[in-house]
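Welcome, and please open your viewer.

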Amino acid sequence: MPRPPVLPLIDWKRVFEMGKDYAAWIASAENKDHAASMEELRKAQRLEPCVIAMLRALPRPVHVVAIAEDWCGDVVRHVPVLQRMAEEGRELLRVRFVAREQSKEVFVRFLTNGGEAIPKFVFLNDQFVECGNWGPMPAVCRELISRGKACGDVAAARAKVSALYAADSDRQVVARELLHLVEVASAMAP
């Protein structure tokens, strides 16, 4: 049996360090309306007290490489959640933003059902070891899109995703999924 191809290792520390922090990323946004929307959503983003407590009690730093571009509606919706969590994480949850073109060898590993979809958040521990990834939308929404593709009705699936987004206007599902990955990346034991 032939051996599967071996992908080259990614220098996650280098990728993280070449990224922009949130302030620089927002300042360089091409779509100023989307940047303004993200800022409004970030400021208004409510996090549950238990989420804040867990972020403030992280046992070690977590790094997140956020593959995101401001033209994308899902980026506008989900990046503010991650950024508010980083703010509550008090320097222990560190996020850097990179564009797809900036690091093609990274992005190609995180296609969604073979397609390019953003945002993609890659969670790394304090030693820059990859521990998980999230995106471009909550798991239940990704499943709906997959089911829509399977039955040939992506339009109906997208309508259901829109309804779920409307029902979770404060993006608590996203916050819970992201928090789970933060907990994994900051784990001190299996």
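Helices (H or I, at least four residues) and strands (E, at least two) are DSSP runs, numbered from the N terminus. Residues are numbered from 1 along each chain as its sequence is written. This is a predicted model, in which local features need pLDDT of at least 70, side-chain atom pairs count only at pLDDT 80 or more, and totals for chains, interfaces and linings use all residues, while side-chain values use heavy atoms, with hydrogens and water left out.

**Stop 1: the loops**

Select P136 to begin. You will find P136 in the loop between β4 (130-134) and α7. The bond joining G135 and P136 is a cis peptide bond, with omega about 0°.

Now move to P119, in the loop between α6 (104-107) and β3 (120-124). Here the peptide bond from I118 to P119 is cis, and omega is near 5°.

Next, pick R90, which sits in the loop between α5 and β2 (93-98). Its phi is near 45°, a positive value in a residue other than glycine.

**Stop 2: the pockets**

A pocket here is an open set of points on a 1 Å grid over the protein atoms alone, where a 1.4 Å probe fits, with protein on both sides within 12 Å along at least five of seven lines; lining residues have an atom within 4 Å of a point. Grid points are joined across faces, edges and corners, and a volume is the space filled by probe spheres set on the points.

Select A117, P136, M137, I145 and R158: of the 19 residues lining the largest pocket, these lie nearest its centre. The elements giving two or more residues to that lining are α5 (73-88), α7 (139-151) and α8 (154-167). The space in the largest pocket is about 400 Å³. Its lining divides into 8 nonpolar, 6 polar and 5 charged residues. (Ala, Val, Leu, Ile, Met, Phe, Trp, Tyr, Cys and Pro count as nonpolar, Asp, Glu, Lys and Arg as charged, and the others, Gly among them, as polar.)

For the second largest pocket, select W25, E30, E69, D70 and A99, which lie nearest its centre among 13 lining residues. Its volume is about 210 Å³, and the lining has 7 nonpolar, 2 polar and 4 charged residues.

**Stop 3: helices around α9**

Show α5 together with helix α9 (residues 172-185); they pack at about 50°, with axes 10 Å apart. Axes are lines fitted to C-alpha atoms, for helices over the stretch in contact, and angles run from 0 to 180 degrees between N-to-C directions. Contact means heavy atoms within 4.5 Å. Which residues of α5 and α9 meet? H78, V81, L82 and M85 in α5 meet V174, A175, L178 and L179 in α9. By class, the residues of this contact are 7 nonpolar, 1 polar and no charged.
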